[in-house]
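The exercises below concern strand pairing and backbone geometry. Work through each task with the model open, then compare with the solution.

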Amino acid sequence: MDLTEIGFGAAQLGNLNRATTDEDSTAAVDAAWHAGIRYFDTAPHYGLGLSERRLGRALAAYPRDTVVLSTKVGRLLEPSPGRPTPRTTRASWSRPPPAGAGTSAVMACCARSRRA
């Protein structure tokens, strides 16, 4: 497995600290790709899965075998009404990880985009 020295942290694609549009998210991933970055990191907790979905859609334009992805598993997102957006859920550790936790939304988006 080859990793680039610099990776792309995708927390902002999930609206970390400020809202980000789908278009700006795609443009950021495209800029990283054209700069030679091939390692991308995301997590379901970044915007309640928004980061994974946006990253998956953006990366679907590039050859899958040239991308290295990382995400996190083992946490549940549970509703927590009354918290400010976008942190509308509470993350908690699960034991054992929920069924399907190893299936990332980013991979699902890449697969769906390629079939379309």
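**Exercise 1.** In this predicted model, find the residue of strand 2 that stands opposite Gly-9, then describe the sheet around this pair.

Solution. 
- Step 1. The residue opposite Gly-9 is Asp-41, in strand 2.
- Step 2. Strand 1 (8-9) and strand 2 (39-41) pair in the parallel sense, over two bridges.
- Step 3. The sheet is open, has three strands in the order 1-2-3, and its pairing is parallel.
- Step 4. Strand 1 and strand 3 (68-70) are at the edges; each has a single partner strand, so one side of each lacks a neighbour in the sheet.

**Exercise 2.** Locate Asn-15 in the chain, give its phi, and decide whether Asn-15 is buried or exposed.

Solution. 
- Step 1. Asn-15 lies in the loop that runs between strand 1 and helix 1 (22-34).
- Step 2. Its phi is near 70°, a positive value in a residue that is not glycine.
- Step 3. The relative accessible area of Asn-15 is 18%. Buried means under 20%, so Asn-15 is buried.

Definitions and conventions:
Residues are numbered from 1 along each chain as its sequence is written. This is a predicted model: local features need pLDDT of at least 70, side-chain atom pairs count only at pLDDT 80 or more; totals for chains, interfaces and linings use all residues. Side-chain values use heavy atoms; hydrogens and water are left out. Helices (H or I, at least four residues) and strands (E, at least two) are DSSP runs, numbered from the N terminus. Buried means under 20% relative accessible area, exposed over 50%, partly exposed in between (1.4 Å probe, protein chains only). Two strands pair if DSSP finds at least two bridges between them.
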